[in-house]
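Trainee: I have a model open and would like to learn how to read its features. Can we go through it together?

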Amino acid sequence: MSILAYDLGAGSGRAIIGRLTDNRIVTQEIHRFANEPVKIGDRLHWDILRLYHEIQQGLIIAKQEHMLPESIGIDSWAVDYGLIGRHGELLGNPYHYRDWHTHGVMEKVQEHLSPSAIFQTTGIQFLPFNTIYQLASLRQSDSPLLSEAERFLMIPDLLRYFLTGEMINEFTNATTTQLFNAKQGDWDRKLLSSIGIPASWFSTPVQPGAAAGRVRSSLMVDLGISSIPVTAVAEHDTASAVVAVPAVSKHFAYLSCGTWSLMGTEVNEPVITEQAMQWNFTNEGGAYGTYRLLKNIMGLWIFQEVKREAEREGHHYSFEQWIDDAQQAPAFASLIDPDDVLFLHAGDMRSRIRQYCRQTGQQPPDTYGAITRCIFESLALKYRYVLELTEQLSGNTFEGLHMVGGGIQNKLLCQWSSNAIGRPVWAGPAEGSAIGNLAVQWIAQGTFKDMQEARTVIRNSFPIDIYEPEQVQAWEEAYGQFLRLITVSTQ
Ligand code: LFR
């Protein structure tokens, strides 16, 4: 029997069928489609209707291939949302979090809401694009959407709603808004009212694994399919990725490696302390009563932007060529803090890296090889920094680091990560979010007893590449150089 996971990542979305054979998971990608934001004027939007169309295409393909699933789950990145009007229609085109409309809003909100009050309530890190600031920005600009809206749905909630006709908020994603009260386990009315947003738009979120309706009958008729149940999985992609970490020990460190690098550990209670706030750690809701104590690291985004820019200028290198050039460039020639806000938005990344280096008294890298090397080395060093902070905050020590997600196909980065942290890296599986999405559906069906059993099956189903640290002394020295560069309190 098949189940179906839709995983919408930066750049592409995938429909992945999962099956169990001899207690091993077998996955098959049946549909891959673009998930590219669309810019209209100065605004960056989700192409939400196209995505819904592609979700339907996935079902048509599943039917044609005789793999119609027993259950469907959708995950995607956090913080973004759509608003629904009184006739049940989507109002406007959802904004993409990298849009500039939130620029400066976090600071404005903090003029009347203290950061410590926000953190004490939510346990969530301060990222300028958090939903709280997106909504505050609508209020500040007196957006007409606000007077029309009656419901708030995050992107997977919204696509699920299109499929089923039921409006349900899901927990893991809800926590990332920075509007969710971690202690009370519901939306925080005080925070909502302080940014002028009615609590009536929100319903108490359901937990990952909850039944969330069935494919609506009009769609069944259109696609010629039978009724299929839809499950609210751990719909924040990072929450799903963490479900898929094939860890053996109870306390483990993970890095979900893709456009973002999300590094942290799983805890049973949110860590809402002064120190966690100062280091800008987050406590995002996870599956089955867990929390993700983690920190966002800018990740492969910076490299992806450099590559995109190069391609626009006609430099069509293969991925191997990029890696090769990075390897040929001199080591530790210049470093950046990948989390400098300079690197958050799209465009012009090469010159921003050079600007950063000039401003910090370093030689700006000029060749593509040198730029790529600078990005990957800086990421690996930032991983060490955040890993050590995670140990201090959680009170646990980690023997190595689990890396999951598409970024692990970058073997050079995996090796350098191991060198930087001076410990082994266990890399796999690459399709972390989709596998975590499937796992929650199997747990909901009773096929797996719990998350631990799911992780054991995942460990037995997918290869794990092991990287052992090399050139430890050189990386140790580079770490000293890196530490001098970054500002400890804010990044
Ligand atoms: C990763 C991710 C991160 C979140 C960022 C923006 O895909 O979901 O966890 O901070 O995207 O939503």
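Trainee: In which loop is Asp-22 found?

Mentor: Asp-22 is found in the loop between strand 2 (11-21) and strand 3 (24-35). Helices (H or I, at least four residues) and strands (E, at least two) are DSSP runs, numbered from the N terminus. Residues are numbered from 1 along each chain as its sequence is written. This is a predicted model, in which local features need pLDDT of at least 70, side-chain atom pairs count only at pLDDT 80 or more, and totals for chains, interfaces and linings use all residues.

Trainee: What is the phi of Asp-22 near?

Mentor: The general idea is that most residues other than glycine have a negative phi, and most peptide bonds are trans. Here phi of Asp-22 is near 50 degrees, a positive value in a residue that is not glycine. A cis case also turns up: the peptide bond from Gly-428 to Pro-429 has omega near -5 degrees. Pro-429 lies in the loop between strand 19 and helix 17.

Trainee: How many bridges join strand 19 to strand 20?

Mentor: Three bridges join strand 19 (residues 425-427) to strand 20, and the two run antiparallel. In that pairing, Val-425 stands opposite Tyr-467 of strand 20. Contact here has a cut-off: two residues are in contact if their C-beta atoms, placed from the backbone, lie within 7 Å.

Trainee: How do I read a helix pair, and at what angle do helix 12 and helix 15 pack?

Mentor: Angles under 35 degrees count as roughly parallel, over 145 as roughly antiparallel, 65 to 115 as roughly perpendicular and the rest as oblique. Helix 12 (residues 301-312) and helix 15 pack at about 165 degrees, with their axes 10 Å apart. That angle makes the two roughly antiparallel. Their crossing is left-handed; the term applies if the near helix is turned anticlockwise from the far one by less than a right angle, and right-handed if clockwise. Helix 12 contributes Ile-302, Phe-303, Val-306 and Ala-310 to the contact, and helix 15 contributes Tyr-368, Ile-371, Thr-372 and Ile-375.

Trainee: Which classes do the residues of that contact divide into?

Mentor: For the classes, Ala, Val, Leu, Ile, Met, Phe, Trp, Tyr, Cys and Pro count as nonpolar, Asp, Glu, Lys and Arg as charged, and the others, Gly among them, as polar. The contact of helix 12 with helix 15 has seven nonpolar, one polar and no charged residues.

Trainee: How far apart are the axes of helix 15 and helix 16?

Mentor: The axes of helix 15 and helix 16 (residues 411-421) are 8 Å apart, and the packing angle is about 45 degrees. The two helices are therefore oblique to each other, and helix 15 passes helix 16 in a right-handed crossing. Their contact has eleven nonpolar, two polar and two charged residues.

Trainee: Which residues surround the ligand?

Mentor: A residue is near a molecule or strand if its C-beta atom, placed from the backbone, lies within 6 Å of it. The ligand is surrounded by Trp-77, Ala-78, Val-79, Tyr-97, His-236, Asp-237, Thr-238, Trp-260, Leu-262 and Asn-296. This shell divides into six nonpolar, three polar and one charged.

Terms used:
Two strands pair if DSSP finds at least two bridges between them. Axes are lines fitted to C-alpha atoms, for helices over the stretch in contact, and angles run from 0 to 180 degrees between N-to-C directions.
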